[in-house]
Amino acid sequence: MTISDSKDIQECTNLLKQSSMFHACSQPTLVKIAKDMEKVSFNQGDILLEQGWPQNRAFFIADGQIRRERVVNDQTHQVVDTFGNTEPDKFGNRKIAIGALHVIHAEPAFANAKAMSKGHMFTLSSQTIRSHLGDQKTSEEVVQSLAVEVRRQANQVRWLMRTPLLEQRPKKTNVIAVTIAASIESFYRSSLNAAMNARLSGQWGKLFPNMHIQLPARVLYINGFKGLRQFLDASVKPEEYSSPNLCRLALSFTPGILMTPLSSVLEASNAGHMNPEPIAKRWMRGNVWRMVREIIFGIGLNQMSDYWEERIPHSVIESDALRNAAGSMIAGVCSGYLSHIPHNLSTLKLMTPSKTYGQHLGSLVAQSETRVPTSLPPQTRRIVATVIAILFPRAVMIRTVQIVGSFTILNGTINGLKYAELPTSIPTAF
């Protein structure tokens, strides 16, 4: 029997207003639909619907709680949340509608529906909804409701975006924002670099040496990474080449290769206590492995930070700023670890240029032998030490903390200043 009591009609229209199918409908439309619905009571344990049954009625729970369970491969899984008397979501709505998207053509029910408490609900039959959709105004309002819901759901599942690493597009940045970020980060980087060099060489130098060189060099260096990425993205279209992925790989390598000389100047500024050569000569020491390190650093700072930021579910972190920080941290851990051996070799070559790269690697292996039990045979001990030197290198934690901090400071500051009212005369990319 359809409802006629004014209180029931009011309660029913309030429920319809919270459903994805009817939330954008006008009050007259909701009242018209509510008058053709039925009020049904249920008790705890009642099976209201079984998976696969024709969904010939949609349920709108007014009081009580309903649990939905779906059977897959003979295993029962609880679906989403409990329906009915639940806390409102961030849009102010509760999960009160069951089967509204299957009811029009009485499609098979998606899951079982079992009452977890005593309560009552209002039902809308397939025949009733089809008759109301025959009215143009009602059908337009229902379509609008569903369109709004689709957009809302799309915004909630943005984490499903899956841009491949090398196809990540750059965010537009302002040179002033990048400069501010690089200026802050240069002091952090210098102090961690001093700690890392001390760990490798056994001698401490100054925490902030030659900052009159380091600061402007770091500003140019970071602007180079960010600006070159934007310039190359705007200038080169990989899909126009016969091997698009090879082209993308080359583009991701380019900033690191071009920024290696500036990186060398920065490293040379920290190594004066070990290498007495003039900085004009010292900066050229260790360039081969430093280039490898810079390529990894550039990909981590640019593409990899965006890659991980994109993949963090919004259900885990909603704040854009925190997502940016988390993506930068994950990329920093990856880049810090992968770039550590190239960093160690380039740094040791810088501090002691008289030795070859092979000799420096040998010294790292020799240092790792102290971490291997002496009870092992000499050859086995040497093999284990080599594995440790490569997979668990000396000062890897300091290096990783440095890169994690640098990425977070740089990307976080740049992202935070993205909408600041900075001078428009400054270009957004090189």
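Author: This is a predicted model, in which local features need pLDDT of at least 70 and side-chain atom pairs count only at pLDDT 80 or more, while totals for chains, interfaces and linings use all residues. Residues are numbered from 1 along each chain as its sequence is written, and side-chain values use heavy atoms, with hydrogens and water left out.

Reader: What makes Cys 334 buried, exposed or partly exposed?

Author: The relative accessible area of Cys 334 is 26%, so this residue is partly exposed.

Reader: How many disulfides does a search of the whole structure find?

Author: A disulfide is a pair of cysteine sulfur atoms within 2.5 Å. The search of the whole structure finds zero.

Reader: What is the relation of helix H11 to helix H12, and why is it so called?

Author: Helices are DSSP runs (H or I, at least four residues), numbered from the N terminus. The axes, lines fitted to C-alpha atoms over the stretch in contact, of H11 (residues 340-351) and H12 (residues 357-369) come within 10 Å and cross at roughly 115 degrees. H11 is therefore roughly perpendicular to H12, since angles under 35 degrees count as roughly parallel, over 145 as roughly antiparallel, 65 to 115 as roughly perpendicular and the rest as oblique, on a scale from 0 to 180 degrees between N-to-C directions.

Reader: What makes Ile 98 buried or exposed?

Author: Its relative accessible area is 0%, so Ile 98 is buried.

Notes:
Buried < 20%, exposed > 50% of the residue type's maximum accessible area, 1.4 Å probe, protein only. Helix = DSSP H or I, 4+ residues; strand = E, 2+ residues; numbered from the N terminus.
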